Amino acid sequence: MQFIPNSPLKKSMLHELKLHDINDLFSDIPKEIKIENLKLPPSRHQQDVEDHMRQLARQNKSFCEMPSFLGGGYKPHYIPAVVKSIISRSEFYTAYTPYQPETSQGFLQAIFEYQSMIAELTGMDVSNASLYDGATAIGEAALMSMRITKKKTFVIPENISWEKKSILTNYTKGAGIKIKEVAYDKETGKIDLEDLKKTINAETAGFYLENPNFFGVFEDAVEEIHPLLQKNQSLFIVGVDPISLGICKSPGEYGADIVIGEGKSLGNPLDFGGSTLGIFACKNEFLRQIPGRIIGMTKDHQGKRAFCMTMQTREQHIRREKATSNICTNEGLCMLATATYLSWLGGKGLQELCETNFERGQQLRKQISAIPGFSRVFSGVHFNEFVIRCPDAAAVHTHLLRQGMQGGLLLEKWYPKLTNCMLFGVTELHNDESMTRLVSLLKEVC
Amino acid sequence: MYHSAVWREPLLNELEETKKEKYATKSMLPDSLQRKTSLDIPNLDETQVIRHFLRLSQMNYGIESGIYPLGSCTMKYNPKICEDISRWEQFALLHPYQDETTTQGTLRIMYELEKMLCEITGMDHFTLQPAAGAQGEFTGLLITRAYYEHKKDFNRDEVILPDTSHGTNPASAAMAGYKVIEIPSTKEGTVDLEMLKKVLSNKTASFMLTNPNTLGIFESEIIEIARLVHEAGALLYYDGANMNAIMGKARPGDMGFDIVHLNLHKTFSTPHGGGGPGSGPVGVKEKLGRFLPVPRVLKKQNNFCFDYEYPDSIGKIKATYGNSSVILKAYIYILLMGGNGLKETSEIAVLNANYMKKKLVDSTLYQLPYRQLRKHEFVISCEQLLSTKGIRASDVAKRLLDYGLHPPTVYFPHIVKEALMIEPTESESKKTLDEYIDTLLKIAQEDPSLVKDAPHNTAVQRIDEIGAVKNPILTWKNIEKLNEIHI
């Protein structure tokens, strides 16, 4: 059998154990529950499986075949070959969690560098070594605010994605945290400050703000939010698109206590929503309440610089039910991709990329909203996603699909008030040609 | 003798910047939104970047470097073909929200993988959404909550687990809002039925069990355990971390388990990636299917689609549908192995473990607590080495590194003193197993000072982990604090 080198040695090894039959090794399983075989097809040759996978691959349409303008937090970005090359080093990708630091110095140093760059980007003091994704990071942040403030109400904007709301509810149910929502301004798409003031009070453990928010709009009244939270001794949690931080203010600059985000865009492929990376960074004073792994720099016994997992008494393998989180396996390789990506890009490259994304967003929004029947829904300044009201969103979707293009995300299903609205997303991968084609196809619908 | 690569590789920000000029923003972004602080991410040349990370990789050990027998971690070979295919753009460049008619290939893979996992475990329904084993446990416990809420049984707030359980079990139970009750194991290293009977009550929501357990012992009383748990009106939860021991031999569903999680990055050969991404699918019996996370993948005629119409569903546990590339690799692995190959996988994994166990125990240098037969892993103790030569399990582990071998899991489960938990998997040849055994025997007979000072041949020597806790240096902004660590 492939991948099982001792397959032909079964008999001789059993003989050394003074056994006759392989089933002797399973004599401790009661007869009533033993099975003879699994009802699955027999093993196949690699070449045959590759052919099969090629057929399945043909039933998918990738971004290269079918340009997509979907928003909703996931967008394709250019990934340099360097990233693929580094994450394909099997010393990295076939390693376990670095429990034995002396033989894992490479990965540990890379995580330390990742933590350093995330701290830089977010304006926070410390970062962990990743969580599952940006959505579960909100859940972990809510639990952490409860541990720190000993309060049990967590406030979120009404307009975060429905997926995130559902995950947050699941993460906080056990702890008995109550979730309150703040309305968004129907004109600008930004948080409704008056409603926020009414909602935040001394009972608030924390407030989560997304910037840019789910509609792509920047929250520019952040300076007013921080004092309000401070007054009520509530934590300020900010969710970011890390690419926007090339040029935009870091949440550290406007008083955030915890910064989270989906880091997938930094060097990881779309992967149908997989290969996610939960960014989690915070102020130093909350260090001992962080969920997940943290890597520290220290010395070896000869005084040489070295790296290891640290503050492990927060974690499940030591603390069991008293741990800050149940997370064990995180998103190690996605984090390595991000570390490689950011060092390839450099601070300068990230600024340039951020600017391109902002400009492309403005360009496409202007072009689409100039088409009769299509209009911009929110007036707030937006990044690389924006909401457009179409004459008939379903018809637009179908027409584009027939022409080999995927339009914006249909919002009405999840936000019934946003009738015929589409959330468009655009990045450096969308060139003038594909944008022009989208616009001309949209014109055909009305 | 082995020696690891030693690069005194600077940190990224200590490398010399090649692109010196600052970027002048010409952005139309309103000034009020613009960053005022500097962004200290170095601007390097591609050559510098590739050398930096390549050198780091050379100071790292993976399963392709050699044997990696971490108990309960199932570090098996990761077939190259799975990596290769997962990077094809038709799979990797797929947007989670694109029209379902354009993702039929991936939807079919998800649908078929769920069915395969049902067959392997004897469950009725599966979700692929959880990102890792611990998240699978958490999902299982949320399903448990939903089940009792649906039954209007609000009394059940306790989860029972044995003292040999993985740390994630109690942590997940606590996160789901349950009180954790830990019961001690018997002298045989298995579940104490009398103790279990005592703690089971109308307050019990679930009993979480790994079978074979973390000592590598199969819980032969499992049918009685399931009967007792169900009699108390509770659910039986299967931690699938040790599934590599019993594929094609027995199924948790047949044993009476109601909820199962698997670790695709263990049993189904997807790489661990230095700590993820993983995947922790959850399988349930029919009565719990309605509570699984949405969306579910359905087949209608010959088409596949996502279905959100499950009003009793717990909702979502992770964004989108799970770690797709991991799901894809596990699917390919199962196709390659087939039913017969998975069965042989477990047979040889168990054979390899028992072979190593016998040789090590026969030597009398290491001790085997509890009865003899093991499944795919076993735990030996270094207690005698400690009392005669002052050598601890951690010393043996560090000394193994000097021979270019990865150590086993140490000090787990907690009920065994000076524990070494060894899981060779089916991937290793007899020759490799023999070398590992010989090295462990050799270490036990070496000069204790050599062992206690190990490792000597790695990129760095034994690390001051206490210094790292006392004096946390977590980013390159505060590395000057390194001077405060005195060796």
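This is a predicted model: local features need pLDDT of at least 70, side-chain atom pairs count only at pLDDT 80 or more; totals for chains, interfaces and linings use all residues.
Helices are taken here as DSSP runs of H or I with at least four residues, numbered from the N terminus.

Helix α4 of chain B comprises residues 104–121. Several residues of α4(B) are buried, among them B:Gly105, B:Leu107, B:Ile109, B:Leu113, B:Leu117 and B:Ile120. The buried residues also include B:Arg108, whose side chain is charged. After α4(B) comes B:Gly122, which has a positive phi, near 75 degrees.

The view may now widen to the whole of chain B. Its secondary structure amounts to 15 helices and 12 strands. Along the principal axes, the C-alpha atoms of chain B fill a box of roughly 75 × 65 × 45 Å. A compact globule with 487 residues would have a radius of gyration near 23 Å; chain B has 25 Å, which agrees with that expectation. Of the 487 residues, 60% count as buried. Among contacts between residues at least 6 apart in the sequence of chain B, 72% join residues at least 24 apart.

Chain A is divided into domain 1, residues 81–341, and domain 2, residues 347–445. The centres of these two domains, taken over C-alpha atoms, are separated by 28 Å. Where the domains touch, 16 residues of domain 1 are in contact with 17 residues of domain 2. On the domain 1 side, the residues divide into seven nonpolar, five polar and four charged.

Chain A also contains an open sheet of four strands, with the order β10-β11-β13-β12 and antiparallel pairing. The edge strands are β10 (375–376) and β12 (409–410), each of which pairs on one side only. Strands of a sheet pair through backbone hydrogen bonds, either parallel or antiparallel. Within the sheet, β11 (residues 385–389) and β13 (residues 421–425) of chain A pair in the antiparallel sense over five bridges. A:Ile388 stands opposite A:Met422 in β13(A).

Finally, the two chains meet. Their contact takes 158 residues from chain A and 172 residues from chain B. On the side of chain A that touches chain B, helix α11 (residues 332–369) of chain A gives the most, with 17 residues. The residues on this side of chain A divide into 71 nonpolar, 55 polar and 32 charged.

Terms used. Residues are numbered from 1 along each chain as its sequence is written. Chains are lettered from A and ligands numbered from 1 in the order in which they are written. Two residues are in contact if their C-beta atoms, placed from the backbone, lie within 7 Å. Helices (H or I, at least four residues) and strands (E, at least two) are DSSP runs, numbered from the N terminus. The expected span of a helix is 1.5 Å times one less than its number of residues. A residue is buried if 20 or more other C-beta atoms lie within 10 Å of its own, exposed if 12 or fewer, and partly exposed in between; C-beta atoms are placed from the backbone. The radius of gyration is taken over C-alpha atoms; the globule rule is 2.2 Å times the number of residues to the power 0.38. Domain bounds come from an automatic or database domain assignment. Two strands pair if DSSP finds at least two bridges between them.
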